[in-house]
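User: I have a model open and would like the terms behind its description spelled out. Please start with what the words mean.

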Amino acid sequence: MERIAFFDARGYDRTYFDALAPRAGLEIRYLETRLTPETAVLARECAAVCAFVNDDLGEETLARLSEYGVRAAALRCAGYNNVDLRAAERYGIRVFRVPSYSPASVAEHAAALLLTLTRQTHRAFTRTRERNFSLEGLVGTNLENKTVGVVGTGRVGIRFAGMVRGFGAHVLACDPEPKWGAGLEYARLDELIRRSDVISLHCPLTPATYHLISRAAFHDMRDGVILINTSRGALIDSEALLDNVKSGKVGAAGLDVYEEEADVFYEDVSSRIMRDDTLNLLLSQPNVLVTGHQAFLTKEALRAIAETTVGNLRAFFDGGPTENELRAREGQTV
Ligand code: NAI
């Protein structure tokens, strides 16, 4: 049996990994703590670690993991902005990911955020539980005939585009690698920003896309624009978002991710003082809906994540083909 240190483990992870790991010859040590340089020691005597989006796989952590004999890191996610791939290579730690598990789950969550905000069902839910059936303040907006800007038409974005087209919206897309066959209208980001009634982000976080939605971008948006982000928090300048929500420029925002989410997301911090005033103020607005990075969280996606991760680890231990391996040179799968 190969021993795996499984960081940031949740009950729902266990359900799906326990069903597969023993049969694949993997013994999993579930750890609720996040992986950091300080907690890396918990992987002592493990051949590999299994990590998630907010685990720290920077140089210091990797150096310690290699000291403890760890030879592989299996990410249970698609994004890998939390991994120093060059350092991993230097320390002889091979890195794997799950490039795609259920793009539909993320796209459907983006659609759920959008429809909740356009029809205010989040506010109706709390009202009717208190037997308040007043409709004051619940006037919605149709998606039909609106322009929805889709930034990134990869696996998730293309599905989201299909969903909103189903509602009769016109999709304006932007992607350095357009999918010409999809019948979408493509434009540059600045044009998309100026023309869209709704903007939904589906591109990865890279140095080039950091604060893609900047203060200047907000300035150019349509009044009352609805912004949806299920990709990565740092695509948006959060301070600028807050200012534009307060001024009314942004009509509504649906955020599954947040720039500083690593400090709070995935945890119950309800009895702690939260010092992040940008998040505090965003959360206090009726037209801002925040979910705690749960777009991936469906049964189908969890099953697929477990299958691919167990497969990646088994292939690594068997010395077989490892198609989901990340390499430093191109920062991409091989
Ligand atoms: P993908 O790799 O299939 O597609 C990303 C697309 O973005 C590609 O077509 C790429 O060309 C495009 N792109 C790159 N730079 C761009 C730019 N500057 N402007 C516009 N487009 C650009 O990725 P996928 O599977 O569609 O996922 C999208 C994002 O969703 C991921 O990067 C990840 O950050 C996020 N995600 C969030 C989850 C959640 O639970 N909230 C779960 C899974 C993914």
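Analyst: A nonpolar core is a set of buried Ala, Val, Leu, Ile, Met, Phe, Trp, Tyr and Cys residues joined through side-chain atoms within 4.5 Å. Buried means under 20% relative accessible area, exposed over 50%, and partly exposed in between (1.4 Å probe, protein chains only). This is a predicted model: local features need pLDDT of at least 70, side-chain atom pairs count only at pLDDT 80 or more, and totals for chains, interfaces and linings use all residues. Residues are numbered from 1 along each chain as its sequence is written, and side-chain values use heavy atoms, with hydrogens and water left out.

User: Which residues touch the most other members of the largest nonpolar core?

Analyst: They are Val49, Leu57, Leu65, Ile199, Phe218 and Leu241, in a core of 84 residues. Helix α11 (residues 299-318) gives the most to this core, namely seven residues. Helices (H or I, at least four residues) and strands (E, at least two) are DSSP runs, numbered from the N terminus.

User: What makes this core lie between domain 1 and domain 2?

Analyst: Domain 1 (2-101 + 298-330) and domain 2 (103-290) both give residues to the core, so it lies between them. The domain bounds come from an automatic or database domain assignment. There is also a second, separate core of 25 residues, with Leu143, Phe160, Ala169 and Ile226 among them.

User: What is leucine 65 in contact with?

Analyst: Contact means heavy atoms within 4.5 Å. Neighbours within four places in sequence aside, leucine 65 is in contact with Leu35, Ala40, Ala43, Val49, Leu57, Val70 and Ile93.

User: Why is asparagine 82 called buried?

Analyst: Its relative accessible area is 14%, so asparagine 82 falls under the cut-off and counts as buried. Asparagine 82 sits in the loop between β4 (72-75) and α3 (85-90). If neighbours within four places in sequence are left aside, asparagine 82 is in contact with Phe52, Val53, Asn54, Asp55, Asp56, Leu57 and Gly58.

User: Why does aspartate 13 count as buried?

Analyst: Aspartate 13 has 9% relative accessibility, under the limit for buried, so the word applies. Aspartate 13 is found in helix α1 (residues 11-18) and touches Phe6, Asp8 and Arg76, residues up to four places away in sequence not counted.

User: In what order do the seven strands of the open sheet come?

Analyst: The order is β8-β7-β6-β9-β10-β11-β12, with parallel pairing. Two strands pair if DSSP finds at least two bridges between them.

User: What makes β8 and β12 edge strands?

Analyst: β8 (185-186) and β12 (288-290) each pair on one side only.

User: How do you know that β9 pairs with β6 and with β10?

Analyst: Four bridges join strand β6 (residues 147-151) to β9, and four bridges join β9 to strand β10 (residues 225-229), so both pairs meet the requirement of at least two. Valine 150 stands opposite serine 200 in β9, and leucine 201 has asparagine 229 in β10 as its bridge partner. Further along, five bridges join β10 to strand β11 (residues 250-255), where alanine 252 is the bridge partner of isoleucine 226.

User: Which way do the residues of β9 point?

Analyst: In strand β9 (residues 198-201), Val198 and Ser200 point one way, Ile199 and Leu201 point the other way, and all are buried. In a regular strand the side chains alternate between the two faces of the sheet.

User: How do you know that the radius of gyration agrees with a compact globule?

Analyst: The globule rule is 2.2 Å times the number of residues to the power 0.38, and the radius is taken over C-alpha atoms. With 334 residues a compact globule would have a radius near 20 Å; the chain has 21 Å, so the value agrees.
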